[in-house]
Amino acid sequence: ATLGGARALGLDDLIGNFTSGKEADFVVLDPISTPLQQLRYDNSVTLFDKLFVMMTLGDDRAIYRTYVDGRVAYERA
């Protein structure tokens, strides 16, 4: 979907995937950033279950790293 959107805008040479040299803003999340998330995640079987943990229990503590234009802008200590 991201690459398709970039193509529709005529920007697929700059954005749309993680190919080296392209611009990218993204966040890396830690699915076990709190004890409750760890417990629930460890008892999750499917990908749907694991994503549900992030959607329902995730907050700012789950942000592990943030990239802006492909460079680290924030990293949790």
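Helices (H or I, at least four residues) and strands (E, at least two) are DSSP runs, numbered from the N terminus. Select the whole chain and colour by these elements. From the N terminus on, the order is α-β-α-α-β-β, which gives three helices and three strands.

This is a predicted model: local features need pLDDT of at least 70, side-chain atom pairs need pLDDT 80 or more, and totals for chains, interfaces and linings use all residues. Residues are numbered from 1 along each chain as its sequence is written, and side-chain values use heavy atoms, without hydrogens and water.

Stay with the whole chain. Its C-alpha atoms fill a box of roughly 45 × 30 × 15 Å along the principal axes. Now show the surface. Buried residues (under 20% relative accessible area, with exposed over 50%, partly exposed in between, 1.4 Å probe, protein chains only) make up 14% of the 77 residues.

Next, the rings. Rings of Phe, Tyr and Trp (its six-membered ring) pair if their centres lie within 6.5 Å; planes under 30 degrees apart are stacked, over 60 edge-to-face, the rest tilted. The structure holds three aromatic pairs.

Select Phe18 and Phe26. Their centres are 5.0 Å apart and their planes stand at 85°, so the pair is edge-to-face. Phe18 is exposed at 66% relative accessibility. Phe26 is partly exposed at 25%.

Move to Phe48 and Phe52. This pair is stacked, 6.4 Å centre to centre with 20° between the planes. Both sit in helix α3 (residues 47-57), four residues apart, so about one helical turn separates Phe48 and Phe52. Phe48 is exposed at 60% relative accessibility. Phe52 is partly exposed at 37%.
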